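Take a look at the chain below. We will walk through its helices, its charged contacts and its surface.

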Amino acid sequence: MDVNVENIMQEIKNEIKAKGYSNDMLSFDDIIIDSSSMNVTKFDKIKFEENLYDANHEWQVNSYRMIQGNKVSVFFKKVLRKCMYFFVDPIVNSQNGFNASLVRMMNQMSCYIDEQNKEIEELKKRIDKLEGK
């Protein structure tokens, strides 16, 4: 099979032109992030447990994903992936190590919170007993 890279590049350029994409559309400044859910003013044990559950199940980032699209774009994406693998894979592995550390720390925090709650309940019972209630 003879592959003509110039023809493939021209097809990609034509596809970009046909879809109306331009360089000014590629700004990350235009992305709106809803940070209202990140602002926490009061501890909520239920929310904490929900977030901890999510973190325990979503901490790992995969550098390899199935590539979809037409034959030309799949070929181009595979070539790009092979060219960037040496750079991307160590970053993903470092991110996974960091994520795992944070999740372990959050699990430790959950255990600590539970222990503190038990201790508080025991102290309340002791106070009630000492006060004669």
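What follows moves from the overall fold to single side chains.

This is a predicted model. The protein chain has three helices and zero strands. Along the sequence the pattern reads α-α-α. Of its 133 residues, 12% count as buried.

Start with the packing of helices. Helix 1 covers residues 5-19, and helix 3 covers residues 71-130. Their axes come within 10 Å and cross at roughly 115°. Helix 1 and helix 3 are therefore roughly perpendicular to each other. The crossing of helix 1 past helix 3 is left-handed.

Now turn to the charges. The count comes to three salt bridges. K45 pairs with E49, with the closest N and O atoms 2.7 Å apart. Both sit in helix 2 (residues 45-58), and because they are four residues apart, about one helical turn separates them. D114 also forms a salt bridge with K45, at 2.8 Å between the closest N and O atoms. This pair links distant parts of the chain: D114 is in helix 3, K45 in helix 2, 69 residues apart. K45 is partly exposed at 24% relative accessible area, and D114 is partly exposed at 32%.

The remaining bridge joins E50 and K47 (3.6 Å, N to O). These two residues lie three apart in helix 2, about one turn of the helix. E50 is partly exposed at 39%, as is K47 at 44%.

Finally, the surface. L80, M84, F86, F87, V88 and I91 form a nonpolar patch there, with about 600 Å² of accessible area together. F87 lies in helix 3. Its relative accessible area is 54%, so F87 counts as exposed.

Note on methods
Residues are numbered from 1 along each chain as its sequence is written. This is a predicted model: local features need pLDDT of at least 70, side-chain atom pairs count only at pLDDT 80 or more; totals for chains, interfaces and linings use all residues. Side-chain values use heavy atoms; hydrogens and water are left out. Patches are made of residues with over 30% relative accessible area and no salt bridge: like charges are joined within 9 Å, nonpolar side chains (Val, Leu, Ile, Met, Phe, Trp, Tyr) within 5 Å. Accessible areas come from the Shrake-Rupley method with a 1.4 Å probe; for residues, only the protein chains shown count as cover. A salt bridge is a side-chain nitrogen of Lys or Arg within 4 Å of a carboxyl oxygen of Asp or Glu. Buried means under 20% relative accessible area, exposed over 50%, partly exposed in between (1.4 Å probe, protein chains only). Axes are lines fitted to C-alpha atoms, for helices over the stretch in contact, and angles run from 0 to 180 degrees between N-to-C directions. Angles under 35 degrees count as roughly parallel, over 145 as roughly antiparallel, 65 to 115 as roughly perpendicular and the rest as oblique. A crossing is left-handed if the near helix is turned anticlockwise from the far one by less than a right angle, and right-handed if clockwise.
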